[in-house]
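Biologist: Hi! Could you walk me through this one?
Modeller: Happy to, here it is.

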Amino acid sequence: MPRNALLLLSRLLLAALFVPSGFQALANISGTTDYFASLGLPLPSLAAWGTGLFELIAGLAILVGLQTRIAALLLAAFCIAAGFIGHYGQGGDDPMLAFLHQQMLMKDIAIAGGFLALAMAGAGAWAIDGKSFGIGADAT
């Protein structure tokens, strides 16, 4: 498969996680706030709004290939932070729940790896950043 097609597919698959998640967080801001409060985060309402907006906007940037390298680096850092805040050491005495949280942490770390690869490769030609639109240097 050509490079630009694979980069587009990568962007679509990664954005498919963050755009709906950001939208859902904002659509149910009270539930998102309650979840962040249960994690012991300070200012859970601010964290809920910030997280929802970040996931939605950064996910859309990845989707259309706008400032892809920056968005990908920010999302990689977000995945690592969110994974450790939301999953590290969670599950208590329930072995199945502890295993689930461990797997979710590893998923977040793996997604961060995908974003780091995208940050290195760039969006490709089929993106706002791409040469085919005459405004970027990511295409090859």
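Biologist: Where is Gln90 placed?
Modeller: Gln90 sits in the loop between H4 and H5. Helices here are DSSP runs (H or I, at least four residues), numbered from the N terminus. This is a predicted model, where local features need pLDDT of at least 70 and side-chain atom pairs count only at pLDDT 80 or more, while totals for chains, interfaces and linings use all residues. Residues are numbered from 1 along each chain as its sequence is written, and side-chain values use heavy atoms, with hydrogens and water left out.

Biologist: Why does Gln90 count as partly exposed?
Modeller: Because its relative accessibility is 29%. Buried means under 20% relative accessible area, exposed over 50%, and partly exposed in between, using a 1.4 Å probe and protein chains only.

Biologist: Which residues does Gln90 touch?
Modeller: Leaving out residues up to four places away in sequence, Gln90 touches Leu39, Ile85, Leu97, Ala98 and His101. Contact means heavy atoms within 4.5 Å.

Biologist: And how far apart are Gln90 and Leu60 in space?
Modeller: They are 30 Å apart, C-alpha to C-alpha, and 30 residues apart in sequence.

Biologist: New topic! How many residues has H3?
Modeller: H3 has 21 residues, and from its first C-alpha to its last it reaches 30 Å, close to the 30 Å expected at 1.5 Å a residue. That expected span is 1.5 Å times one less than the number of residues.

Biologist: Which residues of H3 are buried?
Modeller: Ala48, Thr51, Gly52, Glu55, Leu56, Ala58, Gly59, Ala61 and Ile62. Their cover includes H1, H2, H4 and H5.

Biologist: What about Leu63, what does that residue touch?
Modeller: Leu63, which is also in helix H3, touches Arg11, Leu12 and Ala15, not counting residues up to four places away in sequence. Leu63 counts as partly exposed because its relative accessibility is 31%.

Biologist: Which helix gives the most to the lining of the largest pocket?
Modeller: H4, with seven residues.

How values were computed:
Helices (H or I, at least four residues) and strands (E, at least two) are DSSP runs, numbered from the N terminus.
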